[in-house]
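Colleague: I am new to this one. Could you show me how to read it, feature by feature?

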Amino acid sequence: MISDKFRRELREQAKLWQAEGLIDTSFYQQLSERYQFNTLETASRNRFLSILMSLGGILLGIGVITFVAANWQVWSREVRVALLLSLFVAVNAAGFYLWRIPPSRSKNSHPNMPATKGRNKLLGEALLLLGALILGANMALMAQMFHIGGSSYGLFLAWGIGVLGMAYSLRLTSLGVLSALLIGLGYWLAVFDFSSKVEFSWVEVLVRQMPIAASIMFVPLAYWCRSRAIFAIGAIVLILSLQVSIVQGLNQTWAVIIFCALPPALLWGYDDAMWPNIDSRLFQPTARSFALVFLASLFYILSFHWFWPDAPNPYLNPAPPQPDWSWNLFTTNVAVLGALTVFEWLRLGRLEPRRHKQKGVDLTTGAIGLLILITALIPLYHLNFIRIPELATFLFNVLSFLLAVGLIREGLALGNRQSFWGGLVLITLQIISRVFEYNTGLLLKSFVFVLCGIGVIAAGLWFERHFAKIPHE
């Protein structure tokens with residue numbers, strides 16, 4: 001699918017070619033009709049209207065809920081149920097009717113061009129989003145009327161699953177994002193709900209099995225909607241729930257190596273083409289960006305000296321015992337995602353040399369794999385063999401510096417501003433943190449701040465000045 005960014009850049013270049021006499025007016029008109037230059041402003045306006053109508057739908061839903069709450073005690077139970085069901089059906093029916101109106105498309109437009117959404121379609125999508133919000137209100141109020149007990153996280157999880165079914169049925173990105181947010185919120189409410197009793201119910205199984213459940217629920221939906229937002233939120237829910245599962249399910253002897261190594265390895269090795277009937281790499285850059293963010297955050301946290309002397313001893317502080325079914329669910333999470341990670345990296349080792357026409361794995365992938373291995377081995381050695389707080393602190397400072405330099409190098413080589421500025425911010429943050437962590441005078445702190453400020457400004461100006469000369473992919 002051709003993006004609006006490409007069309008906008010093509011229109012600017014076509015105007016420049018026409019002004020320089022490289023193309024005539026008729027050829028420019030053909031390009032304009034094929035790529036719909038005249039709809040660029042309309043597409044931007046429709047995106048703004050979509051956001052505006054979504055916000056209006058949310059506010060309208062809050063207003064309706066407030067109105068119902070104000071008169072709730074006056075109405076009988078039958079009136080309440082009829083009102084809730086009628087409101088839910090009416091809003092979703094109206095939204096579905098408006099949403100089904102076909103979008104407009106020019107006769108001479110490119111077949112891969114996205115169709116322009118009409119106002120009726122945007123209004124229908126906003127009403128469907130409102131209907132998803134009404135679903136949650138109905139579930140809460142129905143449970144209250146019929147005295148159905150339950151936890152708050154169970155409500156959010158059930159609500160999110162209901163919205164997820166709507167998102168799959170209609171293939172709507174907004175509903176998919178709302179579902180991922182609701183399920184993620186319900187999961188974290190369950191994690192922090194220490195007062196609740198752990199019972200073998202579908203909610204508890206879903207919470208403890210969230211890493212696998214998130215991948216099943218959100219990854220296919222992200223491809224179905226071609227939405228990076230759904231994939232990103234689903235990946236965040238998957239990784240954070242996997243970390244919680246590792247901490248709760250394993251003793252610290254082996255949990256540390258899985259905690260540090262499995263998430264970045266899973267994210268970096270992800271390849272869209274490993275799924276059947278998918279030949280594009282739509283979400284691989286997002287997954288690899290998350291892997292780099294995870295490694296940078298981990299390196300930064302473990303580079304502080306205070307972390308290592310206070311690190312828990314697995315023999316003096318054993319993990320609390322877990323029920324047998326909880327242990328089985330945990331082993332399922334690690335086994336399934338671990339097997340997927342091994343498959344991803346074996347596939348990388350087999351396909352990347354063919355893609356780059358070289359012997360061995362790509363240099364960047366090999367470097368990331370080495371960083372992941374070192375990241376897991378240092379805490380494992382420190383916690384289970386010999387305490388090395390000074391050496392571990394030094395090594396993670398070195399790893400953080402190497403990652404920052406690698407990001408800057410990739411940014412310069414590929415013309416990627418995010419990689420360049422990410423590496424520059426990481427190395428600057430590392431220098432400033434070391435100055436504040438250790439007992440240094442104000443004069444040295446002032447000198448470091450001034451030096452870092454001058455370095456960041458100079459590096460940024462130099463990068464932007466030579467950005468046009470950097471080869472782009």
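Colleague: Is Trp421 buried, partly exposed or exposed?

Modeller: Start with the cut-offs. Buried means under 20% relative accessible area, exposed means over 50%, and partly exposed lies in between (1.4 Å probe, protein chains only). Trp421 has a relative accessible area of 30%, so it is partly exposed. Phe420 is buried, at 2%.

Colleague: What should I know about the model itself?

Modeller: It is a predicted model, where local features need pLDDT of at least 70 and side-chain atom pairs count only at pLDDT 80 or more, while totals for chains, interfaces and linings use all residues. Residues are numbered from 1 along each chain as its sequence is written, and side-chain values use heavy atoms, with hydrogens and water left out.

Colleague: How are the rings of Phe420 and Trp421 arranged?

Modeller: Rings of Phe, Tyr and Trp (its six-membered ring) pair if their centres lie within 6.5 Å; planes under 30 degrees apart count as stacked, over 60 as edge-to-face and the rest as tilted. The structure holds 12 aromatic pairs. In Phe420 and Trp421, the ring centres are 5.6 Å apart and the planes stand at 85 degrees, so this pair is edge-to-face. Elsewhere, Tyr223, Phe231, Tyr270 and Phe283 make up one aromatic cluster.

Colleague: Which residues touch the most other members of the largest nonpolar core?

Modeller: First, the general idea. In soluble globular proteins, nonpolar side chains tend to be buried together. A nonpolar core is a set of buried Ala, Val, Leu, Ile, Met, Phe, Trp, Tyr and Cys residues joined through side-chain atoms within 4.5 Å. The largest core here has 88 residues, and those touching the most other members are Leu157, Val163, Leu175, Met210, Phe218, Tyr270 and Leu403. A second, separate core has seven residues, including Ala14, Ile23, Tyr28 and Tyr35.

Colleague: What does Leu403 touch?

Modeller: Contact means heavy atoms within 4.5 Å. Setting aside residues up to four places away in sequence, Leu403 touches Leu292, Leu295, Ala296, Phe299, Leu371 and Leu426.

Colleague: At what angle do helices α12 and α14 pack?

Modeller: Helices (H or I, at least four residues) are DSSP runs, numbered from the N terminus. Axes are lines fitted to C-alpha atoms over the stretch in contact, and angles run from 0 to 180 degrees between N-to-C directions. Helix α12 (residues 284-302) and helix α14 (residues 363-384) pack at about 40 degrees, with axes 12 Å apart. On the α12 side, Arg288, Leu292, Leu295, Leu298 and Phe299 meet Thr365, Ile368, Leu371, Ile372 and Thr375 of α14.

Colleague: Where does Asn384 sit?

Modeller: Asn384 lies in α14. Asn384 is buried, at 13% relative accessible area. Trp254 is 130 residues away from Asn384 along the chain, yet their C-alpha atoms are separated by 9.3 Å.

Colleague: Which phi does Arg171 have?

Modeller: Most residues other than glycine have a negative phi. Arg171 is not a glycine, but its phi is positive, about 55 degrees. Arg171 is in the loop between α6 (152-170) and α7 (173-191). Arg171 is partly exposed, at 47% relative accessibility. Arg226 also has a positive phi, near 50 degrees. Its loop runs between α9 (210-225) and α10 (228-249). Arg226 is partly exposed too, with 46% relative accessible area.

Colleague: And Ser174: buried or exposed?

Modeller: Ser174 is buried, at 18%. Ser174 belongs to helix α7. Beyond its neighbours within four places in sequence, Ser174 is in contact with Glu125 and Leu129.

Conventions: Helix = DSSP H or I, 4+ residues; strand = E, 2+ residues; numbered from the N terminus.
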